[in-house]
Amino acid sequence: MLWIIRFSGFFSAAMLMIVLSPSLQSFPPAEAIRSSHHHHLDYSYLRLPPPVLLSDSGSMVRAGGRLNFRKASAFRNSNECASPSAKTQIGDACDPNLVHVAITLDVEYLRGSIAAVHSVLQHSLCPESVFFHFLVSETNLEALVQSTFPQLKFRVYYFDPRMVRSLISTSVRQALEQPLNYARNYLADLLETCVERVIYLDSDLVVVDDISRLWTTSLGSRTIGAPEYCHANFTKYFTPAFWSDKRLSGTFDSRKPCYFNTGVMVIDLIKWRRGRYTKRIEKWMEIQKNRRIYELGSLPPFLLVFAGHVAPIEHRWNQHGLGGDNVKGSCRDLHSGPVSLLHWSGSGKPWLRLDSKRPCPLDALWSPYDLYGHTK
């Protein structure tokens, strides 16, 4: 609780309400507070390298100063969990008792990705059972992950940007045009065939609940599951040219499509492979290159293929939109209801606002999971 006391006024009131209110959390208060205890961390520092060079020890140096990640301690949250193996093996990914989580790693969002992993470990009943699949387009990040989380079960997969570069069209935000943003489309091809289900997470979120609860969500006959938002104006995600062409818009005729955010998804990889969904997504991306039927990067192709065919997941698993808008200086509040995952989707990211000394109130809920430091 010590980190909460450092805030005053409205900031403190917002923080205390979120931590103590049973309606805004999935753990009981003691469990929610546990996530802010710094004694879980080993504050030995990793030296982080001029632009994105990693040493053999996993350190990284960047222009303008030395950056550091703190090494996280091993989490043992329950005596009922199996002891972690002394050394992670690639074959461990085929253990049927594992919870599989996929997340991208790139230099720009690395701080967010590390915080996301840290949050999963803190709140998992059995963190030893979580296997991370990291998707990268830059090399030399594996040593950094290993140094930050010495006992983490994980594997790194190289995603070649050339796979999608010719399919990507310009978007309303340049960040949405990055090839790695499309790596989620290829999980069924990149991951081992023994991996039959995976949770995909964006890099700008933290999990404040046991992720095994999300893992065990029933998808029924569906291929993916995600929180749906049927009150959202679905038509805005596509251009007038799309809606005026019945050959295109007719894809939704037999469905009741709802918006869903692709930053948190549970994916049945067996059904995905069987249905060749990667090819279906690529088909819409090819149409987009010629017809300009949407504006928002990797999201619309998912809506075109899956909207109306999504297994609904509780909204608590994606309290999204917390990034707000940095240009307008706007901050967002939590949606009503319980919270299991906080997602800073939008143009504002908590680590950037915290560093600029202009944070939004809810950014304080991200900072306890931050393992990133800066020294001159």
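Trainee: How many of the 14 residues of α4 are buried?

Mentor: Please bear in mind that this is a predicted model. In α4, 14 of the 14 residues are buried, so the helix is largely enclosed by the rest of the structure.

Trainee: What distance does α4 reach from its first C-alpha to its last?

Mentor: The helix reaches 20 Å, close to the 20 Å expected for its 14 residues at 1.5 Å a residue.

Trainee: And where is H123 found?

Mentor: H123 belongs to α4, which covers residues 110–123.

Trainee: Why does H123 count as buried?

Mentor: Its relative accessibility is 1%, and the cut-off for buried is under 20%.

Trainee: Which side chain does the side chain of H123 join in a polar contact?

Mentor: The partner is Y369, and the contact between the two side chains is 2.8 Å.

Trainee: Changing topic to the backbone: what is phi of R276?

Mentor: Phi of R276 is near 50°, a positive value, and the residue is not glycine. Most residues other than glycine have a negative phi.

Trainee: Where does R276 lie, and is R276 buried or exposed?

Mentor: R276 sits in the loop between α10 (269–275) and α11 (277–291). With a relative accessible area of 54%, R276 is exposed.

Trainee: What about phi of R292?

Mentor: Phi of R292 is also positive, near 55°, again in a residue other than glycine. R292 lies in the loop between α11 and α12 (299–306), and at 28% relative accessibility R292 counts as partly exposed.

Key. Residues numbered from 1 in each chain as written. Predicted model: local features only at pLDDT ≥ 70, side-chain atom pairs only at ≥ 80, totals over all residues. Heavy atoms only, no water. Helix = DSSP H or I, 4+ residues; strand = E, 2+ residues; numbered from the N terminus. Buried < 20%, exposed > 50% of the residue type's maximum accessible area, 1.4 Å probe, protein only. Polar contact = N/O pair within 3.5 Å; in protein donor to acceptor, adjacent residues only side chain to side chain. Expected span 1.5 Å × (residues − 1).
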